[in-house]
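Please keep the display in view while reading.

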Amino acid sequence: MAKKPAPASTKSTRPAPSAPASLAPADFAGVDIAGESPQKASPVPADAVIRPVFGEPQGNGGETHQTAVDEVPTLTTSQGHPRGDDQNCLKQGVRRPTLLEDFHFRKKIVHLDHERIPERVVHARGYAAHGYFELTDSLADVTRADIFQRVGEKTPAFVRFSTVAGSKGSFDLARDVRGFAVKIYTQEGNWDLVGNNIPVFFIQDAIKFPDLVHSVKPAPDREFPQAASAHDNFWDFISLTPESFHMIMWTMSDRAIPRSFRTMEGFGVHTFRLLDAEGKSSFVKFHWKPKQGLQSVVWNEAVKINGADPDFHRRDLWDAINSGDFPEWELGVQLFDDDFADSFDFDVLDATKLIPEELVPVRVVGRLVLDRVVDNFFAETEQVAFLTQNVPPGIDFSNDPLLQGRNFSYLDTQIKRLGGPNFTHIPINAPKCPIAHFQQDGHMAMRNPVGRANYEPNSWGATKGGPREDPVRGITAFAETVDGPKQRVRSESFADHYSQARQFFVSQTPIEQKHIGDALVFELSKVERPDIRSRVVSHLLNVDETLAVTVADGLGLGLPNAAPAARTPIADLPPSDKLSIVKNGPNSFKGRKLGILLSDGADAALVEALLKAVDAGGAVYEIVAPKIAGVTLSDGTTVAAKHKIDGGTSVLFDAVAIIVSAAGAALLSLDAGAKDFATDAFAHCKYIGISAEAEAIFAKAGIADDLDEACLPLAKPADAAAFIEACRSLRYWPRELQVDLDAQPAA
């Protein structure tokens with residue numbers, strides 16, 4: 001393919017009624033003043049380069065090259081060999097395959113793969129479930145892959161979701177990319193689609209992966225912060241790596257704080273190939289579309305969820321599957337040919353770019369359903385080994401340099417983590433199709449060749465001689481003609497770093513744009529070096545000037561000059577609605593969770609009507625009460641509690657209702673936890689159902705005069721159904737634009 005350069009430019013059960021309990025009512029700056037103590041501050045090294053605006057030397061693809069000058073030591077391999085280029089893998093020409101002889105890349109990536117034992121270096125905190133993939137539309141016209149031949153056929157699958165930066169002990173709701181790795185046990189071997197919930201990535205070449213991971217992980221001299229990117233090292237790296245800024249727009253958006261695993265998309269990220277029986281190739285990008293709709297949380301909510309329930313995502317998936325509310329995604333493909341690739345404004349081999357669905361629509365070809373939790377977390381979730389190179393016949397790789405590097409790294413990682421090459425003998429990793437080969441022995445071997453022959457070719461005959469090659473069914477690679485000099489170089493077609501970042505930003509609704517600005521201000525406010533903050537803003541000026549001004553104003557920072565762009569950004573790329581969460585959210589309250597705060601004496605008829613409405617809407621509820629023993633309603637019915645008020649905060653729910661008696665309201669109005677339940681729900685723009693007596697709690701909390709049209713009265717049983725219907729919108733975003741200081745325009 002000749003590529004033209006891009007142009008410049010879980011469900012609760014209602015307790016059965018019981019006799020009234022004989023219980024009493026429940027008891028219920030100045031520039032010279034630093035931001036922290038001087039002995040805690042991290043001093044800037046005397047020889048650090050203080051450069052408020054990005055201005056580093058760039059290569060052909062706009063990658064940063066920092067060279068050894070004066071007293072700066074020369075970068076070497078672990079064997080002491082000086083390195084002339086640490087930004088690019090050795091390739092067989094521009095936009096050509098990465099070469100196995102690149103020992104510098106291999107040593108660098110091998111060292112990263114072996115840094116942690118036994119947890120994964122990245123994606124350490126994960127959660128998984130079993131299910132199946134069902135084909136709904138055959139792709140037999142473009143691929144011989146067996147998985148895509150027979151409509152209606154179900155194939156076993158295993159899916160692991162994860163964060164990237166945190167350790168196994170970190171919390172679920174970090175601002176982070178989410179891994180979305182799918183293992184499908186096809187009849188011709190395992191297919192591992194090892195993707196993320198974001199369709200692009202930070203870097204273009206796999207040789208930079210160790211540097212990216214090191215920058216976002218806890219700093220080596222202090223081992224903090226954990227599971228966070230809001231620190232100097234990460235933003236220092238980002239500010240010197242312009243190719244990252246499309247991904248930064250995604251990670252600073254609400255995509256990085258999903259409401260659950262069930263409400264996020266998945267992407268294969270890279271461009272792959274599909275091959276038919278004659279070897280004809282089609283390019284393909286893979287998408288997982290959640291049937292539950294897209295949904296995220298807000299940052300203040302995420303912070304509080306991590307305190308209230310650091311296993312929030314794990315618990316949600318466990319509860320959903322065990323209650324029979326099986327999560328489901330559609331598998332979609334974007335198919336395109338060389339002609340489209342040549343005409344596209346960007347390089348389809350660049351993992352920092354996507355193809356808008358308006359240009360290449362997503363064709364839905366199957367569905368993925370998760371219907372069974374694991375039997376043992378370690379044996380399955382922890383020992384599962386995904387490899388990007390696990391593809392069945394009919395699926396092949398492109399020359400994406402990031403994908404090429406991953407194909408090497410993942411195998412090496414699993415050998416290190418799981419003790420040797422026999423990790424495929426572990427049941428969760430073993431194919432479910434016949435296996436026949438001559439590989440033997442090694443650490444923890446569970447099976448070996450039987451009989452005399454353990455090699456081929458051999459002359460022991462068809463019965464005892466073992467397996468043989470199958471030229472017809474066997475994996476074949478796309479017959480691509482490759483030429484060009486061996487060199488470390490990045491294609492100039494990779495050099496546009498800002499156009500799609502801008503396209504993503506302008507595709508967001510105003511509230512989503514606000515959240516991106518808020519996230520950038522928060523993250524950069526944790527960066528101690530002002531020059532790093534300024535360099536980031538210099539890049540943002542190439543993305544969207546209003547965003548850059550907003551971030552600079554939020555930091556109290558003077559506006560720097562724009563960073564030099566390796567290629568002039570395209571300013572008029574059209575918005576893409578598919579990039580917005582708000583525009584692709586659910587259209588019902590089905591599968592969501594209502595938190596109901598009750599007190600003794602609460603209106604029994606109203607509570608009963610609300611529970612019926614929740615059930616009718618396909619949602620679930622959890623009861624919150626002053627005491628974990630529960631409450632007694634007005635008719636003597638006792639209701640058990642799922643949470644005590646200070647352990648059942650409103651952040652755990654998609655919407656809330658407060659139904660209390662007058663006496664209960666008077667008592668709860670004195671309780672900080674109850675007031676927080678109300679104020680947090682209000683601050684997080686949730687729909688709130690309020691019985692007449694509950695208004696006293698809002699008055700005591702100081703927000704009674706602020707209640708809006710999403711704070712709905714529950715005066716009578718008939719109001720319950722209308723409240724649940726309103727909750728389908730999940731958030732009332734106009735509220736945030738009225739009450740948040742950050743929503744005000746920059747002066």
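**Reading helices, sheets and a pocket**

Q: How is the packing of two helices to be read, and at what angle do the axes of α1 and α2 cross?
A: Axes are lines fitted to C-alpha atoms, for helices over the stretch in contact, with angles from 0 to 180 degrees between N-to-C directions. Helices (H or I, at least four residues) and strands (E, at least two) are DSSP runs numbered from the N terminus. Here, helix α1 (residues 103-113) and helix α2 (residues 209-216) have axes that come within 9 Å and cross at roughly 35°.

Q: Which residues of α1 and α2 meet?
A: Contact means heavy atoms within 4.5 Å. From α1, K108, I109 and L112 meet F209, P210, D211, V213 and H214 of α2. This contact comprises five nonpolar residues, one polar and two charged (Ala, Val, Leu, Ile, Met, Phe, Trp, Tyr, Cys and Pro count as nonpolar, Asp, Glu, Lys and Arg as charged, the others, Gly among them, as polar).

Q: How far may the model be trusted?
A: The model is predicted, so local features need pLDDT of at least 70 and side-chain atom pairs pLDDT 80 or more, while totals for chains, interfaces and linings use all residues. Residues are numbered from 1 along each chain as its sequence is written, and side-chain values use heavy atoms, without hydrogens and water. The pLDDT (the predictor's confidence in each residue, from 0 to 100) averages 91 for the protein, and 93% of the residues score at least 70. Over residues 1-35, pLDDT stays under 50.

Q: In what order do the strands of the six-stranded open sheet lie?
A: Two strands pair if DSSP finds at least two bridges between them. The order is β17-β14-β13-β18-β19-β20, with parallel pairing. At the edges, β17 (643-644) and β20 (711-713) each pair on one side only. Helix α17 (residues 672-683) packs on this sheet, and its direction makes about 145° with that of β18. Three bridges link β18 (residues 655-659) with β19 (residues 688-690); I658 has I690 as its bridge partner in β19.

Q: How many residues line the second largest pocket?
A: On a 1 Å grid over the protein atoms alone, a pocket is an open set of points where a 1.4 Å probe fits, with protein on both sides within 12 Å along at least five of seven lines; lining residues have an atom within 4 Å of a point. This pocket has 40 lining residues, with G189, P434, I435, A436 and H437 nearest its centre. The lining divides into 16 nonpolar, 15 polar and nine charged residues.
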